[in-house]
Amino acid sequence: MVGSVETRKSYVYSNGGSIQKNQNICNLEEKLDELRTILNKADGDPIRIVGVGAGAWGSVFAALMQDSYGQFRDKVQIRIWRRAGRAVDRATAEHLFEVINSREDVLRRLIRRCAYLKYVEARLGDRTLYADEILKDGFCLNMIETPLCPLKVVTNLQEAVWDADIVVNGLPSTETKEVFEEISKYWKERITVPIIISLAKGIEAKVEPVPHLITPTQMIKRATGVPIENILYLGGPNIASEIYNKEYANARICGSEKWRKPLAKFLRQPHFIVWDNSDLVTHEVMGGLKNVYAIGAGMVAALTKESATSKSVYFAHCTSEMIFITHLLAEEPEKLAGPLLADTYVTLLKGRNAWYGQMIAKGELSRDMGDSISGKGMIQWELFMNFLVNRA
């Protein structure tokens, strides 16, 4: 009799889970259909979403879209572009092999896709892996320890973007101008205007004719001629690996009302809440400046042995300066609160820029080592140093 009750409970639980899963699929398809309607997509013509750049956040963003909407292949296509030819060094290949074998789900997936053997050979030094090759299997070179879902990877930029409806800029700001100038060549014959969502959090400092800052969305507009109302910025207190592991996070998509509201709804997930905001300038500039402040935060943490008082004083100075700068750049800037403040806070706590700051303070990093360290990605403080010196 007890066994019968347990069986019944199991059935009800299983059935309830199935109903919930089906409901989630229906909700996703409804959001996708709404966006298709706004984009005037006909039946049989899928929305084409393309990520440009395959750093940690760019890869995770594409993977989030693939996990959510990849099942609706006739309605949406998701792909990501990265340059070909970047070799994976032996140490990284060995570490990647350890990660694969520590995750049964990943191991089974690779065996099922007949892709496991190449990682064994790379571990033994018998072959060389490439960044675009492993990304197809769900491994981002800057984030090896967090396997993603398999992705459609394209290494030809023209093939990737020429017919894209939505382009997601996952490039560093230092590469945004050059790549989008090339992209503009492939858009000369376009009839429809694409939507561009920029994830780039760096900004460029220029000293001529007067010291000023250029944001990635401004670079994209100048390079492509796409109107600013079709260019948006998405940012927030986000650590890429944690978001993909479904830790609760939020972000803001900023830009024109025409696109930010429907895109916020489309991108929103139970664990990743996307709000919308009109203040593009403030959010984008602060998204860049907080990376510089994070370098200082890492130095303060290392030099004071993690003194809470010292770090809080530093944080107070950073936020005061951010408020001052935003009032220089915008007539009515967004208040330094909510995701805007939280983005600064989390970056000062954790991330590659804080790590760089700690290494500098410990004397384990120098300027002559360049602006990119394996496994950490780009650091952009040289331009800011020049900007501040010239400003002074």
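Modeller: Two strands pair if DSSP finds at least two bridges between them. Helices (H or I, at least four residues) and strands (E, at least two) are DSSP runs, numbered from the N terminus. This is a predicted model, in which local features need pLDDT of at least 70 and side-chain atom pairs count only at pLDDT 80 or more, while totals for chains, interfaces and linings use all residues. Residues are numbered from 1 along each chain as its sequence is written, and side-chain values use heavy atoms, with hydrogens and water left out.

Biologist: How many bridges join β5 to β8, and which residue of β8 is the bridge partner of Ile197?

Modeller: β5 and β8 run parallel, and three bridges join them. Within β8, Ile197 has as its bridge partner Leu232.

Biologist: What is the strand order of the open sheet, and which are its edge strands?

Modeller: Eight strands with mixed pairing form the sheet, in the order β3-β2-β1-β4-β5-β8-β9-β10. The edge strands each pair on one side only, and they are β3 (153-154) and β10 (272-277).

Biologist: At what angle does helix α2 run to β2?

Modeller: Helix α2 (residues 56-69) packs on the sheet and touches β2, β4 (166-169), β8 (231-235) and β10. Here contact means heavy atoms within 4.5 Å. Axes are lines fitted to C-alpha atoms, for helices over the stretch in contact, and angles run from 0 to 180 degrees between N-to-C directions. The direction of α2 makes with that of β2 an angle of about 160°.

Biologist: Which strands does helix α9 lie across, and at what angle does it run to β8?

Modeller: Helix α9 covers residues 216-224. It lies across β4, β5 (195-198) and β8, and its angle to β8 is about 155°.

Biologist: Is β8 largely enclosed or open, and which of its residues point the other way from Ile231, Tyr233 and Gly235?

Modeller: Buried means under 20% relative accessible area, exposed over 50%, and partly exposed in between (1.4 Å probe, protein chains only). Five of the five residues of β8 are buried, so the strand is largely enclosed by the rest of the structure. In a regular strand the side chains alternate between the two faces of the sheet. Ile231, Tyr233 and Gly235 point one way, and the other way point Leu232 and Leu234.

Biologist: Is Thr344 buried or exposed, and what is its relative accessible area?

Modeller: Thr344 sits in helix α14 (residues 338-349). Leaving aside neighbours within four places in sequence, Thr344 is in contact with Lys290, Phe315 and Met322. Thr344 counts as buried because its relative accessible area is 0%.

Biologist: What do the buried residues of α14 pack against?

Modeller: The buried residues of α14 include Pro339, Leu340, Asp343 and Val346. Their packing partners are β8, β9 (249-254), β10, α12 (280-303), α13 (308-329) and α15 (352-361).

Biologist: How far apart are the end C-alpha atoms of α14?

Modeller: The expected span of a helix is 1.5 Å times one less than its number of residues. The 12 residues of α14 should therefore span 16 Å, which agrees with the separation of the end C-alpha atoms, 17 Å.

Biologist: How far apart in sequence are the parts that Tyr69 and Phe266 tie together?

Modeller: Rings of Phe, Tyr and Trp (its six-membered ring) pair if their centres lie within 6.5 Å; planes under 30 degrees apart count as stacked, over 60 as edge-to-face and the rest as tilted. Tyr69 and Phe266 are stacked, at 4.3 Å centre to centre and 10° between the planes. Tyr69 lies in helix α2 and Phe266 in helix α11 (residues 257-267), so the separation of the parts they tie together is 197 residues.

Biologist: What separates the C-alpha atoms of Glu133 and Gly85?

Modeller: Glu133 belongs to helix α6 (residues 131-136) and counts as buried because its relative accessibility is 16%. Glu133 and Gly85 are 48 residues apart along the chain, and their C-alpha atoms are separated by 9.4 Å.
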